[in-house]
Amino acid sequence: MTTNGQIQTTPRSSAELLPLSRQIAQEVAARAAGDVDKHARFPSETIEAFSEAGLLGALVPIAMGGCGATISEVGESVFTVAQQCASSAMILAMHHLQVACLVRHGDTPALRAYLEEVANLQLLLASATTEINIGGQLRMSSCAVEPTPSGFRLEKQAPVISYGAYADAVLVTARREPTSASSDQVLVLCTSERTTLEQLNEWNTLGMRGTCSSGFALKAEGSMDCVLPVPFAKIVEETMLPVSHILWGFVYLGVAAAAVTKARQYVQSDARKHPGEMLPGATRLAELIVVYRQMEAQVRDAARRFDAKRHGEIFATWESVSYNALKVGASWSVLDVVNRAMGICGISGYREDSPYSLGRYLRDAHGAAVMVNNDRIIKDNAHLLLVDREEL
Amino acid sequence: MEAAIREVLAAHGRLPVDAHTLGEEDDLAEAGLTSHALVNVMLALEEEFDLEFPESVLREKSTFQSIGSIADVIRDLTASQAAS
């Protein structure tokens, strides 16, 4: 995301990430959230604020000009933004996921140089992993990296590239070569200077409207060292699957936290008017907190476990199973939390013009189960559990 | 044993190529064996050779790399089960 504004030139430390994120969330994202949702528009002011604060390179190592943050630290940043604008938080989560893939698997001179640019120029990265006629099956591609005299050419019909129109580069899955099997995939960095995106459809959804996840016909060229040098299967297992589920978990935890905050404010306001009475809403709030704290523990624990793992250490089946379970669990919990908050706030939560309105949270929360569909994840886990022999 | 492994791959591997044409050291992932199909292959091998792959073997990425590596693991497991 290159902007006309002032860009932070000295690298930020990871300790600055959370306080600055909180400030941007409250001063920028909170003000724009309603308009972003209403018009299904890109939250440019929030993403620009992150860019200007020098935080888009949060996961880039310090030696390469980034903040060297952990997944937990980035997760907390995303969480604080999600409480104000879930779409902005989701965009940041997806961007950080792409950066994580490059940091952990992008070991070529060109990709290392690009990571430094991500930190120095505050670039925004998007992803094209789904494909028309293949659907959401992450581990299959139809398009292929085609060698040319100067490098490669790649064409992909992508049903979804979230914020594709606003990104400086897209990480694209494709078959390794025109003769490769559909599961023999690589991940390719396609930079905007050498990529054209022709928009195929509009993004007009119930929630998460600001992610602008339209479909695009992507045509890209580049040099061969923009192809990540390890099989995509390895990137999925070691980085994409765990980091995406963890960061999405933090996004939906933020939506849940926003609903809890409204419910708590409502109960406290009601209690002030009825001193000495035990209100039904107060009891319901106590029950709601049980669900919220379980969700919070699951998300934060997964992030801590990921950060504690040495890079390159093999992921066991049960670990993939538990990250998949985290995503499904968070999608169930966030809806449960928002529904319970609705039960507490009643008509005030249902109204669109009240200080306790819960409509946007409810709509955003429904995205958790359908964006990367739970059915597919449950099916993957059903399959993986057939060969999971780890002692519990 | 390699022939029996090849039959399991042909029946459950959902490979884009004929499993009978694969060499013993050919990389199965490159031949198009997906992680999903691999689960079915593992279960079919357990049934075929009447054994259970322990977690330690499943954790090793090299176990299911090729027909040859699968055969080595099965020989080791059968030998250790016979010894115990």
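**Confidence, packing and contacts in the predicted model**

Among the elements of chain B, helix H3 (residues 55–59) of chain B comes out with the lowest mean pLDDT, at 85, while helix H1 (residues 2–12) of chain B gets the highest, at 95. What we have here is a predicted model, so those values are the predictor's confidence in each residue, on a scale from 0 to 100. Taken as a whole, chain B has a mean pLDDT of 90, and 99% of its residues reach 70 or more. The scores for the model are ipTM 0.79 and pTM 0.92.

Now for how chain B meets chain A. On the chain B side, 16 residues are in contact with 15 residues of chain A. Two elements of chain B, helix H2 (35–49) and H3, each give two or more residues to the side that touches chain A. H2(B) gives the most, with five residues. Sorted by class, this side of chain B has eight nonpolar, four polar and four charged residues.

Over in chain A, a pair of helices is worth a look. Two packed helices are described by the angle between their axes and the distance between the axes. Helix H3 (residues 71–82) of chain A and helix H4 (residues 86–105) of chain A have axes that come within 7 Å and cross at roughly 160 degrees. Angles over 145 count as roughly antiparallel, and H3(A) and H4(A) are therefore roughly antiparallel to each other. From H3(A), the contact draws on A:Val74, A:Val78, A:Val81 and A:Ala82, and from H4(A) it takes in A:Ala86, A:Ser88, A:Ala89, A:Leu92, A:Ala93 and A:His96. In terms of class, the contact of H3(A) with H4(A) has eight nonpolar and two polar residues, with no charged ones.

Chain A also has an open sheet of three strands, in the order E1-E4-E5, with mixed pairing. Strand E1 (125–128) and strand E5 (185–191) of chain A stand at the edges, and each has a single partner strand, so one side of each is left without a neighbour in the sheet. Going from one strand to the next, the twist averages 25 degrees. Strands of a sheet pair through backbone hydrogen bonds, either parallel or antiparallel. For strand E4 (residues 169–175) of chain A and E5(A), the pairing is in the antiparallel sense and runs over seven bridges. To pick out a residue, A:Thr173 stands opposite A:Leu187 in E5(A).

Terms used
Residues numbered from 1 in each chain as written. Chains lettered and ligands numbered in written order. Predicted model: local features only at pLDDT ≥ 70, side-chain atom pairs only at ≥ 80, totals over all residues. Axes fitted to C-alpha atoms, helices over the stretch in contact; angles between N-to-C directions. Helix = DSSP H or I, 4+ residues; strand = E, 2+ residues; numbered from the N terminus. Parallel < 35°, antiparallel > 145°, perpendicular 65-115°, else oblique. Contact = placed C-beta atoms within 7 Å. Nonpolar A, V, L, I, M, F, W, Y, C, P; charged D, E, K, R; others polar. Pairing = 2+ DSSP bridges.
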